[in-house]
Amino acid sequence: MFARCEGAYSDITLRGYRVDLESFADWCVRNGQEFLPASPAGVAAYVDNLLERYAYSTIRRRIAAIQFAHRLSDLSSPVGSSDVYLAMRRAGRTKRRRPKQVKGLTADLLEKILEGCPETLSGLRDAALISVGYDTLCRSAELSWMEVEHVDLEEGTVYIPRAKNDPFGDGRIAGLSERTVGLVRKWIRKAGIKGGPLFRGLHAAKLGKGFLETSSIRRLIKAAAKRVGLGDAAKELSGHSMRVGGAQDLMTAGYDTLAIMTAGGWKDVEVVARYVEKASLVRLGVHRPAIQKSSRSRT
């Protein structure tokens, strides 16, 4: 099944489907249920079982994997049945549906982290990557896929060829600040990179040839935060934090939702609204006294 999908789906997506389907297959063996094709009653029972231990978002992902398996096997999917529909309704009413929000790496944290990055090869890489992530509002996977050829340091732009919500590679162009351009230039010069992956792993202080893994990006962000005494914040930071923090700062600066969606390549307004929710409330609190004063002056 998965061999047929190579090139049609990203490796990350296929890896996630594989893990989720293995979990479902194991559950079917233990509970005497058919794996493929699965029955509506069996999938509904699986949802009820997951409800005891997993978040609603995880349950939705597992069900999406089951639907994927049936579609790729040209089988009728049980996911659209009333049994599964009702099981998912129960899950939604029982579990908190609101996804947990990672901490945004906002401008104040960015300043501290960049100041603490040493002038070593790893330090220059980390500073460049974190600064690019903040400016471009990129996901960690998009940072991982970046190549030297995608960056135009003279124009201060970077081409992002693909994304989670851009599977067919329409791509987008993002701008880089003057400081970020300088950090990327220093990293490329120090690393001696002429082409290929922009951000790479380091093994015994030696530069690797392949793309930096997303798990490594998450770890280096946490390590950079801890280095400057942001231990508590480091626990909540992830490879997605630059994207969240950049969006929050744009909202605080007065940009509207459409502008933020364009800057970050979002296609779902609800996702952006959730990211900038706290920032929009802060902005509202700042302007509320002026609004109230204006209202009183008219009465």
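Reader: What percentage of the residues of the protein chain count as buried?

Author: This is a predicted model, and in it 42% of the 299 residues of the protein chain count as buried.

Reader: How many helices and strands are there in the protein chain?

Author: The protein chain has 14 helices and 5 strands. Among its contacts with a separation of 6 or more, 62% are between residues 24 or more positions apart.

Reader: What is the mean pLDDT of the chain?

Author: The mean pLDDT is 86, and 89% of the residues reach 70 or more. Over residues 286-292, however, pLDDT stays under 50, and the model has 0 contacts beyond four places in sequence for that stretch.

Reader: Let us turn to H1. Which residues of H1 are buried?

Author: Helix H1 covers residues 11-31. Its buried residues are Leu 14, Tyr 17, Asp 20, Leu 21, Phe 24, Trp 27 and Cys 28. Seen down the axis of H1, these buried residues fall within an arc of 150°, so they line one face of the helix.

Reader: Why would residues three or four places apart point the same way?

Author: An α-helix has 3.6 residues a turn, so residues at that spacing point the same way.

Reader: What do the buried residues of H1 pack against?

Author: They pack against helix H2 (40-50) and helix H3 (56-72). The face turned away from the buried side of H1 carries the exposed residues Asp 11, Val 29 and Arg 30.

Reader: How far does H1 reach from its first C-alpha to its last?

Author: H1 has 21 residues and reaches 30 Å, close to the 30 Å expected at 1.5 Å a residue. Just after H1, Gly 32 takes a positive phi of about 65°.

Reader: A change of topic: cysteines. How many disulfides does a search of the whole structure find?

Author: The search finds 0 disulfides.

Reader: Is Cys 117 buried or exposed?

Author: Cys 117 has a relative accessible area of 9%, under the 20% cut-off, so Cys 117 is buried. Cys 5 is also buried, with a relative accessibility of 1%.

Reader: Finally, where is Ser 144 found?

Author: Ser 144 lies in helix H7, which spans residues 140-145. Its relative accessibility is 8%, so Ser 144 counts as buried.

Reader: Which residues is Ser 144 in contact with, leaving aside its neighbours within four places in sequence?

Author: Ser 144 is in contact with Phe 211, Leu 212, Thr 214 and Ile 217, with those neighbours left aside.

Terms used
Residues are numbered from 1 along each chain as its sequence is written. This is a predicted model: local features need pLDDT of at least 70, side-chain atom pairs count only at pLDDT 80 or more; totals for chains, interfaces and linings use all residues. Side-chain values use heavy atoms; hydrogens and water are left out. Helices (H or I, at least four residues) and strands (E, at least two) are DSSP runs, numbered from the N terminus. The expected span of a helix is 1.5 Å times one less than its number of residues. Buried means under 20% relative accessible area, exposed over 50%, partly exposed in between (1.4 Å probe, protein chains only). The arc is that of the directions from the helix axis to the C-beta atoms. Contact means heavy atoms within 4.5 Å. pLDDT is the predictor's confidence in each residue, from 0 to 100. A disulfide is a pair of cysteine sulfur atoms within 2.5 Å.
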